[in-house]
Amino acid sequence: MMLKHIQAVLPPGTTRTAACPAVALLHAANYSPLRLNTTVASSSASSSGSHLRSSQAQSGRSLQQKFYENRILDRYTSQEPKKVTLRQLVLFGRQLTEDKLIASANYVRSELPVRLAHRISDFQFLPYIAGTNPHLKMVYDLYWRAFDEFRKFPPVKTLDDNRRFCDNVKKNLLEHSQVIPQLGMGVSECADLVSPDEIDRFMNQMLISRISRRTLGEQHIVLSNQFDDDLRAHLGLRPSESFAQLGAAPKGFATQRIGIVRADCNVAQIIHECAQRAAGIYEDAYHLPPGSAPQVLVEGHTHATFMCIPAHFSYIIHELLRNSMSHVMRRFAGRLEDKEVHPVGGPLFPPIRVTICSSHNDIVVRVSDESGGISPDVLPYIWSFTHPLKAKRLHNFHAIHRMEARIDEVDSVSPLVSFGFGLPMSRVYAKYWGGNVNVHSLPGYGVDAYVQLPRLGNVVENISARRSPQT
């Protein structure tokens with residue numbers, strides 16, 4: 001099934017209904033598609049007869065070009081994404097041959113423009129006022145350029161073609177590391193102008209689609225790198241030697257790789273790694289000696305494994321542990337001064353307990369702390385990106401230029417600065433693979449957070465091509 005997805009040919013599309021007027025302000029660049037009210041455009045001209053005729057002719061040429069570009073976009077938005085499962089990614093990478101690697105490249109090459117086109121369409125349906133925001137327009141422009149590049153990239157036929165394609169994907173992944181800060185700043189500035197529910201739907205669509213595109217791109221890049229490494233070793237080439245003389249892999253050459261996916265990811269190991277990283281962050285921030293942060297106790301099915309992309313699962317667990325550590329340390333900050341309550345050598349803070357439960361189909365992780373619970377004024381909005389109680393935190397994105405939503409990023413701001421982004425982003429990661437994150441507040445005591453994820457990797461990507469009926 002995976003190979004059928006990869007080798008599929010894009011069908012011709014159909015046209016779509018006109019978008020809202022916000023699109024006119026989203027298309028300052030010449031390459032952007034534009035649905036423009038021609039009556040308004042022509043009535044605004046006030047000049048001499050010859051200048052007016054010249055302006056109208058130029059406008060006509062521009063509109064003709066924009067109409068052509070919109071027809072191109074419509075070809076792709078008429079298509080549904082060809083979704084994959086983790087199991088398909090794993091099975092495809094095993095016994096990886098040159099033909100399969102090239103088929104993977106062409107699948108990614110044809111799939112990325114489809115997924116980008118649907119998100120470009122979402123921008124075109126934003127309310128007019130949101131379309132004027134420069135941060136959202138910057139994301140729109142990034143998406144359109146990437147869409148245009150990938151749809152024009154020629155079919156991959158050789159390993160050398162594939163290396164050029166991977167370079168193009170890497171370039172776009174780097175450029176799009178600006179997307180999260182720009183989206184954050186954009187929606188924070190629209191928080192008082194657009195319905196929070198509408199912006200939250202927009203953000204969830206944008207972020208889950210972004211994860212899906214990065215998953216496809218990073219998976220193919222890693223597979224390609226692993227294939228080249230194994231091929232280099234097979235041929236006895238040094239790292240400095242080029243593949244330039246090699247037109248194709250030797251007949252029968254294959255390698256056993258599965259890219260960024262782990263078929264047997266150890267849940268407890270990921271939790272311990274995330275706990276160690278989170279503790280180090282807060283001990284540095286508060287200038288505490290090592291071992292001072294709340295201890296993380298892991299219990300339950302501690303030998304459980306499941307199929308996942310470790311970077312996605314790590315992000316979810318790391319954010320939950322960071323939230324717990326931060327609030328526990330704030331609640332019990334007085335213990336740093338009170339030596340009688342806490343003698344030297346004893347734990348400064350109550351522990352955070354993480355319980356692992358493994359069934360045949362699912363993995364469930366509970367993170368329990370004694371942070372005092374979540375304020376009733378805040379609890380209804382913890383999953384929102386733009387509610388007024390949280391929108392102010394999104395302004396902190398002005399302090400950073402790039403974010404990939406990975407735990408190994410080096411932030412230029414203090415970890416004590418909140419973006420109001422980590423918890424809803426964690427849920428987006430979980431929902432992408434058919435899971436969920438939920439939080440229960442125990443007033444006056446603490447918080448229990450639950451992560452549920454499919455265990456067998458047989459759930460397809462939870463991405464939507466079409467806009468939600470509510471929008």
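How many residues lie between E4 and E5 in the hairpin that they form? In this predicted model, where local features need pLDDT of at least 70, side-chain atom pairs count only at pLDDT 80 or more and totals for chains, interfaces and linings use all residues, the hairpin of E4 and E5 has 3 residues between its strands. Residues are numbered from 1 along each chain as its sequence is written, and side-chain values use heavy atoms, with hydrogens and water left out.

Strands (E, at least two residues) and helices (H or I, at least four) are DSSP runs numbered from the N terminus, and two strands pair if DSSP finds at least two bridges between them. Strand E4 (residues 352–358) is joined to strand E2 (residues 296–300) in the parallel sense over 5 bridges, with isoleucine 352 as the bridge partner of valine 296. With strand E5 (residues 362–368), E4 runs antiparallel over 6 bridges; valine 354 has valine 367 as its partner in E5, and threonine 355 has arginine 366.

These strands belong to an open sheet of 5 strands with mixed pairing, in the order E2-E4-E5-E7-E6. Because E2 and strand E6 (436–442) stand at the edges with a single partner strand each, one side of each is left without a neighbour in the sheet.

Elsewhere, the axes (lines fitted to C-alpha atoms, for helices over the stretch in contact, with angles from 0 to 180 degrees between N-to-C directions) of helix H9 (residues 179–189) and helix H10 (residues 196–235) come within 12 Å and cross at roughly 175°. That makes H9 roughly antiparallel to H10, a term for angles over 145 degrees.

Conventions:
Angles under 35 degrees count as roughly parallel, over 145 as roughly antiparallel, 65 to 115 as roughly perpendicular and the rest as oblique.
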